[in-house]
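I opened the model to go through its fold, its surface and its backbone geometry. These are my notes, in the order of the look-ups.

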Amino acid sequence: MGDRSERSSARRKRRTTISGDAAGAHAKRGGAGETLSGQLKEKEQRHETPANKHKNHNDAGHDSFSCHKLQESLLSSNSGYSNYRGILNWCVVMLVLSNARLVLENLIKYGILVDPIQIISLFLKDPYSWPAPCLIIVSNVFIMAALYIERKLSVGTVSECTGTFLHCINLAALLFVPAGTVLSVSSMTPVGGVVALGVFTVLFLKLYSYRDVNKWCREIRRAKARTLSRSHSCPSVHKANGTTGYTHVSYPGNLTHRDIYYFIFVPTLCYELNFPRSPRIRKRFLLRRLLEMLFLMQLMIGLIQQWMVPTIQNSMKPFQDMDLSRIVERLLKLAVPNHFIWLIFFYWYFHSSMNFVAELLQFGDREFYRDWWNSETIPYFWSNWNIPVHKWCLRHFYKPMLVKGVNKLAAQLAVFFMSAFFHEYLVSVPLKMFRLWAFLGMMAQIPLAYFVGRFLRGNYGNAAVWMSLIIGQPIAVLMYFHDYYVLHYGNTAEGVAA
């Protein structure tokens, strides 16, 4: 038994030794094979040609030497490319060069026409007679009338019907008294008349809003007769723009001289009991706006004297001869300076001047305009280029008409009609002639808005809006100047021609 077990264990040891030796030999052969294959691969890589490389890469699915792929041209609409900064810079350079040529041509042809003394004569005929400033000072009478009517209404001394009647008389006087003064006073210049009537028009819109908001406050006070609560129809933000330092007032605590004159001077047409206020006056911001106002004002006056006036004067003969081709040529020649001056005026008034006044009075709402330059429809332009007027029309004219049951189309037409009336009012009365060119120009926006909205989209609509701005205004300017020239200098011109 013992011998048999010893023989079995010896046999197992020999099997283990043999299998281990075989595995080691196989491992050695495998290692040698791997080494050999690695050396062969290195040789192949050293001696591999570009053609073989390209073939191997194609076989692996990675074509690193390909120089073409499926793609669109950059200027195609499907390319998704939008970085045209270089082209925009090129347009600016071409614009500067072309206008520099026009400036040089103008100086060579007419010389320097800018005259500071003539600027003063635009506002004053007689240095001892200042009708426009005196008329603006008189406007305080209408402001005080609106305040004291509201005070009487707040305590119930005057009924709502009587108060409404008195407000109507005051608002009507705001339009008719200055118009009558401008038409009757011979020393009133057209420019002075435009400034005075512009001030009274703004006052009309402001006092109309003042009357409406106080009326809404009285209605809510009657509805909540138990307590005097702040009117929710006169919204304000409690801590917006640093208003924590200001006391919020409630009706009728707002009926003070300080409150109404603050509203008169802030750059808005819509009254509120509590306006959003900025925390402090930024002196650097204020100084920048002031310098912009002074520089741009001088630039506009210089461009009008040097560029626009000679062009308009040279346009009279084609109008008298009814030479259509020359009229069109003069119209296009006038379009460039007119549009350039209009853009400067927009920046001067809606950005520099309004921000200057708002910063000085710490008025927090600085949204005086939106991106009207991206307008693809006419209504979008009119609702975004002058936000104070748009807010007033929406709050005090358009929405009340809808509440009374007027349909949207009729309400929109009424807004355009009112805008056309004020445009004509601010032009015809100072010129002391009634031709309705501004009124017709505004009413022509209605069919133009329909055409652009119906048939033009995207960039085509935006181009149509720009064309209406560039071409439409010079037509009105030429029409009014021609009629004014014929009315005041027609007999002189005929005598000289004879």
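The entries below go from the whole chain to single residues.

I am working with a predicted model, in which local features need pLDDT of at least 70, side-chain atom pairs count only at pLDDT 80 or more, and totals for chains, interfaces and linings use all residues. Residues are numbered from 1 along each chain as its sequence is written, and side-chain values use heavy atoms, with hydrogens and water left out.

**Whole chain.** I looked up the secondary structure and found 17 helices and zero strands in the protein chain; these are DSSP runs numbered from the N terminus, with helices being H or I of at least four residues and strands E of at least two. Of the 498 residues, 34% are buried (buried is under 20% relative accessible area, exposed over 50%, partly exposed in between, with a 1.4 Å probe and protein chains only). I then took the contacts (heavy atoms within 4.5 Å) between residues at least 6 apart in sequence: 74% of them join residues at least 24 apart.

**Surface.** The protein chain exposes about 30,900 Å², and carbon and sulfur atoms supply 65% of that area (Shrake-Rupley method, 1.4 Å probe; for residues, only the protein chains shown count as cover). I noted a nonpolar surface patch with about 930 Å² of accessible area together, whose members include Leu74, Tyr81, Trp90 and Leu97. Patch residues have over 30% relative accessible area and no salt bridge, with nonpolar side chains (Val, Leu, Ile, Met, Phe, Trp, Tyr) joined within 5 Å and like charges within 9 Å; a salt bridge is a side-chain nitrogen of Lys or Arg within 4 Å of a carboxyl oxygen of Asp or Glu. Tyr81 sits in the loop between helix 2 (50-60) and helix 3 (85-110) and is partly exposed at 35%.

**Backbone.** Most residues other than glycine have a negative phi, and most peptide bonds are trans. I found a cis peptide bond between Tyr251 and Pro252, with omega about 5°. Pro252 is in the loop between helix 7 (190-223) and helix 8 (257-265). Lys432 has a positive phi of about 60°, and Leu436 has one near 65°. Lys432 lies in the loop between helix 14 (408-431) and helix 15 (437-443), and Leu436 lies in the loop between helix 14 and helix 15. Lys432 is partly exposed at 31%; Leu436 is partly exposed at 43%.

**Annotation.** Which residue does UniProt list for "active site"? The unreviewed entry lists His423; UniProt positions are given in the numbering used here, feature names are shortened, and annotations may be inferred rather than shown by experiment. His423 lies in helix 14 and counts as partly exposed at 34% relative accessibility. Leaving aside neighbours within four places in sequence, His423 is in contact with Ala438 and Met442.
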